[in-house]
Amino acid sequence: ELLGKHLDPCEAWRSTAASSSSSYFGSTFVTDEAIARTGHARFIEEAHPVSSQTDEVHPVYGLHPSSSRWQCATKVAIRNIPSRTTKGELEDFIAGLDVIESKWSIELPGRHGTKNSGVAFLQVEENACLRRCVQALWQNRVPTRKSDKALNLKPASTHHH
């Protein structure tokens, strides 16, 4: 029944990404909850080395920067933000990468007063700038915090909850 209908691949990816909290890596099915429960990024990195399959979602690092799925994105969900990281620290870190030449903003939802939720949302006006930023953030950590967890990057819907 799909014949004759024009399907926007970007829209199809956004709806899939927005509803997914799990991913396949090789033959292993991994949920975000399972990754959060383990809390051992180094163990996961050793058990799941970065694959040459760039459209697979790596359980530690997220979606590889060279994935075609980034071609439609203007917003990225950045997971594994240390809980006491401030919005100002993130803004300075992103600005210091010196790769975004268009307008951008960052959201850092909070909980419990002084802590953030561990996920930030970076909105970038131009896709090319977002892709350069994802490349710079890939396998990186927040430099002002002592955390051994690498940032986890995935395209985000522009309408998250």
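The following legends describe close-up views of a predicted model.

**View 1. Confidence along the chain.** The average pLDDT of the chain is 74, and 62% of the residues score at least 70. Over residues 1–48 the pLDDT is below 50, although this stretch has 48 contacts in the model beyond near neighbours in sequence.

**View 2. The largest nonpolar core, with Ile78, Leu122 and Leu153.** This core holds 29 residues, of which Ile78, Leu122 and Leu153 touch the most other members. Two or more residues each come from strand S5 (75–79), helix H4 (87–97), strand S9 (119–124) and helix H5 (127–137), and H5 gives the largest share, five residues. Leaving aside residues up to four places away in sequence, Ile78 touches several residues, among them Val119, Leu122, Leu137 and Leu153.

**View 3. The salt bridge between Glu107 and Lys75.** The closest N and O atoms of this pair are 3.1 Å apart, and the bridge links strand S6 (residues 104–107) with strand S5 across 32 residues of sequence. Lys75 counts as buried because its relative accessibility, 3%, is under 20%, whereas Glu107 is partly exposed at 33%.

**View 4. The salt bridge between Glu89 and Arg145.** Here the closest N and O atoms lie 2.8 Å apart, joining Glu89 of helix H4 to Arg145 in the loop between H5 and strand S10 (152–155), 56 residues apart. Glu89 is buried at 17% relative accessibility, while Arg145 is partly exposed at 30%.

**View 5. The salt bridge between Arg132 and Glu101.** The side chains meet at 3.3 Å, N to O, with Arg132 in helix H5 and Glu101 in the loop between H4 and S6, 31 residues apart. Arg132 is partly exposed at 34% relative accessibility, and Glu101 is exposed at 67%.

Key
Residues are numbered from 1 along each chain as its sequence is written. This is a predicted model: local features need pLDDT of at least 70, side-chain atom pairs count only at pLDDT 80 or more; totals for chains, interfaces and linings use all residues. Side-chain values use heavy atoms; hydrogens and water are left out. A nonpolar core is a set of buried Ala, Val, Leu, Ile, Met, Phe, Trp, Tyr and Cys residues joined through side-chain atoms within 4.5 Å. Buried means under 20% relative accessible area, exposed over 50%, partly exposed in between (1.4 Å probe, protein chains only). Helices (H or I, at least four residues) and strands (E, at least two) are DSSP runs, numbered from the N terminus. Contact means heavy atoms within 4.5 Å. pLDDT is the predictor's confidence in each residue, from 0 to 100. A salt bridge is a side-chain nitrogen of Lys or Arg within 4 Å of a carboxyl oxygen of Asp or Glu.
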